[in-house]
Amino acid sequence: MSNPTNLLYAKSHEWVQDMGDGTYRIGLTDYAQKELGDLVFVNLPQEGDEVEVGAAFGDVESVKAVSDVYSPVSGVVCAINEELLDHPEMINQDAYGAWMIQVNEVSDKEELLSAESYEAFLSEEA
Amino acid sequence: MELKTPLYDVHVALGGKIVPFAGYLLPVQYPTGVITEHMAVREKAGLFDVSHMGEIVLSGPDALNNVQMLLTNNFDDMEDGQVRYSPMCNDKGGVVDDLIVYRIRSDCYMMVVNAANHDKDAAWISSHLTGDVQFEDYSDRIAQVALQGPQSEAILEKVCAKENIPPKYYTYTKDVEVAGCRSIVSRTGYTGEDGFEVYCAKEDAVKVWNALLEAGKENGLIPCGLGARDTLRLEAGMPLYGHEMNDEITPKQTGLGIFVKMDKQDFIGKKAMEEMGTPTVKRCGLKITGRGIARENCPVYVGDRQIGHTTSGTHCPYLGGAYAMAIVEKEPAPLGSTVEVEVRGKRIPAEVVKVQFYKR
């Protein structure tokens, strides 16, 4: 799957979508879901929780391991994708549809990559 | 530098995700993924490369005496063609390794040991031999392929004469042909399903693997990696060395007391276990009833008191939930009671259940 060009990417393999209304959606990249394998559990923060650039806001677990998911922005969680709590496999099936949290009151952002730069970064990693 | 099994190139060609494990490069999963591979073994069949396992043979007039002394189970009533599981203990009763023993003849026994413990076992065994016995290590000459799942027998029949297939669990046949290659066919496994483990010369491994995979295609057979091997054994409540056992834990403390024959004349670790008496801890199963997945080394609590810790834990794909094994104090954790497991700082509830979560 190619990485959508309307999204921005963190080197820790999260994507960020600018919703145009001052809010941002965050999810895991397709590369990340492939590396993690079949996901069986997702832990998300609650609405109103603060998230911070570079800090873990939740975690995902495959049958084999648990991995933290880092926030590429600082702000306040205004929505979570509750469907994922019962269906973590949605991240495997459609990484760019399965957003995890939506954040507003954004005060800080890390330097994010375009789809092209993210792909270049992945090929350096490999 | 990790070793490659004779099937390494086959795994790479099949898209296996290769990881180092016990000194070998092995596939943790294929593109199908752990859950699909796990379910294939429960419902149809899966094929595993387990060539990393070690094979040590003791032979000679004193072979049986040495097996009896080294291992905690009893072997003097064993017959040719039988297979038997046993812990191997140190002087303190701790487990050096757990292994399975094949009686080849009354004066010849093959022990199949964990890859991670192979060097330790070889040193332990060879330094404790007495009398007229020969020690031979075949580990780097023998390959092993595990065919597991309800379709296993139907698949094996296509590449092995029916009369050469061992009819009973924990029996084996030797000098039989699988896909034209001389093999030992053992009705054993580590998945909780019916199945076979085929031992052959490493030169024949690719031929045997490909023949089985081809023969099993229409039965739904797929290659499976280490990931599914671990979730399958855990779901079936089978212990894994380094998790449910180690050099400090006695077999009796980890629910393997039935494989310790205290009425046997003598064996290494017997005296220590006699002195310890009845253990106050047990290995139990935990069904996680809260949200989360307990992994190994999570503290287990009753109220404010820690009563033990988990030894393995994962999401079990067939049962569809999180399960763990734990070593806990017996008294405060009877079957059916509720305990709490601390998973990364948070306590989640779990029910104490029988360790065999899945039974076919």
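How many bridges join E6(B) to E7(B), and in which sense do the two strands run? I counted seven bridges, and the strands run antiparallel. I take strands as paired if DSSP finds at least two bridges between them. Helices (H or I, at least four residues) and strands (E, at least two) are DSSP runs, numbered from the N terminus.

**Entry: ground rules**

I am working from a predicted model, in which local features need pLDDT of at least 70, side-chain atom pairs count only at pLDDT 80 or more, and totals for chains, interfaces and linings use all residues. Residues are numbered from 1 along each chain as its sequence is written, and chains are lettered from A and ligands numbered from 1 in the order in which they are written.

I looked up the confidence next. Chain B averages a pLDDT of 97 (the predictor's confidence in each residue, from 0 to 100). In chain B, 100% of the residues score at least 70. The model has an ipTM of 0.76 and a pTM of 0.91.

I went back to the opening pair. Strand E6 of chain B covers residues 83–89, and five of its seven residues are buried. I call a residue buried if 20 or more other C-beta atoms lie within 10 Å of its own, exposed if 12 or fewer, and partly exposed in between, with C-beta atoms placed from the backbone. Opposite B:Arg84 I found B:Val101 in E7(B). The hairpin has five residues between its strands, and B:Gly93 takes a positive phi near 90° there.

**Entry: the cores**

I followed B:Val101 into the largest nonpolar core, which has 94 residues. Such a core is a set of buried Ala, Val, Leu, Ile, Met, Phe, Trp, Tyr and Cys residues joined through C-beta atoms within 7 Å. B:Val101, B:Val145, B:Leu147 and B:Val198 touch the most other members. Strand E7 (residues 95–105) of chain B gives the most to this core, with six residues. The core lies between domain 1 (3–50 + 140–235) and domain 2 (54–137) of chain B, because both give residues to it. A separate core of 26 residues includes B:Ile293, B:Ile327, B:Val355 and B:Phe357.

I then listed the contacts of B:Val145, leaving out residues up to four places away in sequence. Among them are B:Leu47, B:Phe48, B:Val198, B:Trp209 and B:Leu212. Contact here is C-beta atoms, placed from the backbone, within 7 Å.

**Entry: strand E13**

Strand E13 (residues 195–201) of chain B has six of its seven residues buried. Strand E10 (residues 142–148) of chain B pairs with E13(B) in the antiparallel sense over seven bridges. Strand E12 (residues 181–186) of chain B is antiparallel to E13(B) too, joined by four bridges. I checked B:Glu197 on both sides: B:Ala146 is a bridge partner, and B:Ser186 stands opposite B:Glu197.

**Entry: helix H4**

Which residues of helix H4 (residues 118–127) of chain B are buried? I found B:His118, B:Asp121 and B:Ile125. They fall within an arc of 60° seen down the axis of H4(B), so they line one face of the helix. The arc is that of the directions from the helix axis to the C-beta atoms. The face turned away from the buried side carries the exposed residues B:Ala123 and B:Ser127. The buried residues pack against strand E5 (54–59), helix H3 (63–70), E7, strand E8 (108–113) and strand E9 (134–137) of chain B.

**Entry: domains**

The assignment, automatic or from a database, also gives chain B a domain 3 (251–353). The centres of domain 1 and domain 3 of chain B, taken over C-alpha atoms, are 30 Å apart. Their contact takes seven residues from each of the two domains. On the domain 1 side, helix H2 (34–43) and helix H7 (226–235) of chain B each supply at least two residues. The largest share of that side, four residues, comes from H2(B).

**Entry: two residues at the start of the chain**

Is B:Pro6 buried or exposed? B:Pro6 counts as buried because 20 C-beta neighbours lie inside 10 Å. B:Pro6 is in the loop between strand E1 (3–4) and helix H1 (8–13) of chain B. Its contacts beyond four places in sequence are B:Ser51, B:Ala143, B:Lys202, B:Ala205 and B:Val206.

B:Asp9 sits in helix H1 of chain B. B:Asp9 has 11 C-beta neighbours inside 10 Å, so I logged B:Asp9 as exposed.
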